Amino acid sequence: MVIMTTTSSLPFLPVLERIAEEISRTPGRGRAADYIPALAACDPRSFGMAVAELDGTVYGVGDWRQPFSTQSITKVFTLALDLAREGDELWEHVGREPSGNPFNSLVQLEYENGIPRNPFINAGALVVTDRLQTRTSDAAGELLAFLRAESGNPELDFDKEVAASEAAHGDRNAALAHFMASYGNIDNEVPVLLDQYFRQCSIAASCADLALATGFLARHGIRADGSRLLSRSQAKQVNAVMLTCGTYDAAGDFAYRVGLPGKSGVGGGIIAVVPGRCTLCVWSPGLDERGNSVAGVAALDRFTTLTGLSVF
């Protein structure tokens with residue numbers, strides 16, 4: 001894996017530098033997530049962005065090496081790890097449609113018989129983590145090992161403070177899990193599942209780490225070491241669900257503005273995929289009212305505008 005940091009002959013770096021300069025002049029960056037106390041102290045004006053090419057060459061600007069709380073970004077990797085193991089059977093337990101509701105909503109579960117609308121809202125991610133836990137006995141550990149391997153960074157780890165903070169304020173997620181368990185859509189004991197889920201979301205990683213780790217989706221399912229994790233069709237499925245559901249109830253606006261499969265997290269990060277070309281990660285902790293990074297969405301919008309790279 002090659003890490004490039006010099007400025008000579010880098011096709012993406014001038015674009016990233018231009019975006020970073022534009023973002024630095026942008027007022028109103030939103031607010032850091034305050035319902036998870038461990039995230040509330042983040043500076044909403046922090047900004048980093050990285051682009052990784054298919055061969056592992058990575059470019060970055062700003063705070064692109066600064067680890068941050070990945071939060072819901074990890075849902076993409078857990079989905080891929082479980083889909084690789086059980087295939088289409090997974091879709092009997094979680095849907096593939098946009099929710100149109102907040103990411104932690106209980107509203108749809110009752111009239112949809114405990115089947116979450118998609119794997120990227122909290123209820124759907126709990127189901128996916130539960131199923132990966134059944135197959136591995138350590139879903140969070142399996143995820144961490146995967147991210148370390150794909151990023152080439154063995155130092156990636158859980159943030160115990162963040163995990164504890166989420167557990168202490170995780171009543172809504174507990175309610176979602178218990179409600180789905182009442183419909184038979186959760187296999188493991190709810191406390192075990194919640195521990196795995198909170199650890200999963202607490203992983204700290206940088207823009208460089210996450211851009212590299214997402215590369216298998218740009219390579220149509222091929223991991224960094226050349227082995228295949230997903231079939232080409234399965235990689236397409238994950239990218240499609242990212243495009244339609246990856247930014248919660250703002251997915252339509254994200255597709256309109258950015259035109260790429262993407263997944264956000266309330267830690268302020270967003271990953272995005274240009275199939276067959278590259279992957280991106282941007283981080284800025286200031287969020288909009290839907291839980292997406294204000295500067296992150298703006299930066300990805302500018303990237304696709306300046307480069308012409310999108311799926312449309």
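In the predicted model, helix H7 spans residues 160–168 and holds the buried residues Val162, Ala163, Ser165 and Glu166. These four cover an arc of only 160° around the axis, so they sit on the same side of H7. The grouping fits helix geometry. An α-helix has 3.6 residues a turn, so residues three or four places apart point the same way. The opposite face of H7, turned away from the buried side, carries exposed residues: Lys160, Glu161 and Ala168.

The buried residues of H7 have three packing partners, named here by element. They pack against helix H2 (37–40), strand E3 (68–69) and helix H9 (190–202). A side-chain contact also marks the start of H7. There, a side-chain oxygen of Asp159 reaches to within 3.0 Å of the backbone nitrogen of Glu161. Glu161 itself belongs to the exposed face of the helix.

An unreviewed UniProt entry lists Glu166 under "binding site", together with Ser72, Asn122, Asn173, Tyr197, Tyr248 and Val266. In the model, Glu166 is one of the buried residues of H7.

Asn122 is placed in helix H5, which covers residues 122–136. The relative accessible area of Asn122 is 6%; because buried means under 20%, Asn122 counts as buried. A polar contact of 2.9 Å joins the side chains of Asn122 and Lys75.

The C-alpha trace spans about 55 × 40 × 35 Å along its principal axes. For 312 residues, a compact globule would have a radius of gyration near 20 Å; the value for the protein is 18 Å, which agrees. Of the 312 residues, 57% count as buried.

Contacts and surface complete the description. Among contacts with a separation of 6 or more, 70% come from residues 24 or more positions apart. The accessible surface comes to about 12000 Å². Carbon and sulfur atoms account for 49% of that surface.

Conventions. Residues are numbered from 1 along each chain as its sequence is written. This is a predicted model: local features need pLDDT of at least 70, side-chain atom pairs count only at pLDDT 80 or more; totals for chains, interfaces and linings use all residues. Side-chain values use heavy atoms; hydrogens and water are left out. UniProt positions are given in the numbering used here, feature names are shortened, and annotations may be inferred rather than shown by experiment. Helices (H or I, at least four residues) and strands (E, at least two) are DSSP runs, numbered from the N terminus. Buried means under 20% relative accessible area, exposed over 50%, partly exposed in between (1.4 Å probe, protein chains only). A polar contact is a pair of N or O atoms within 3.5 Å; within protein, one must be able to donate a hydrogen and the other to accept it, and residues adjacent in sequence count only if both atoms are side-chain atoms. The radius of gyration is taken over C-alpha atoms; the globule rule is 2.2 Å times the number of residues to the power 0.38. Contact means heavy atoms within 4.5 Å. Accessible areas come from the Shrake-Rupley method with a 1.4 Å probe; for residues, only the protein chains shown count as cover. The arc is that of the directions from the helix axis to the C-beta atoms.
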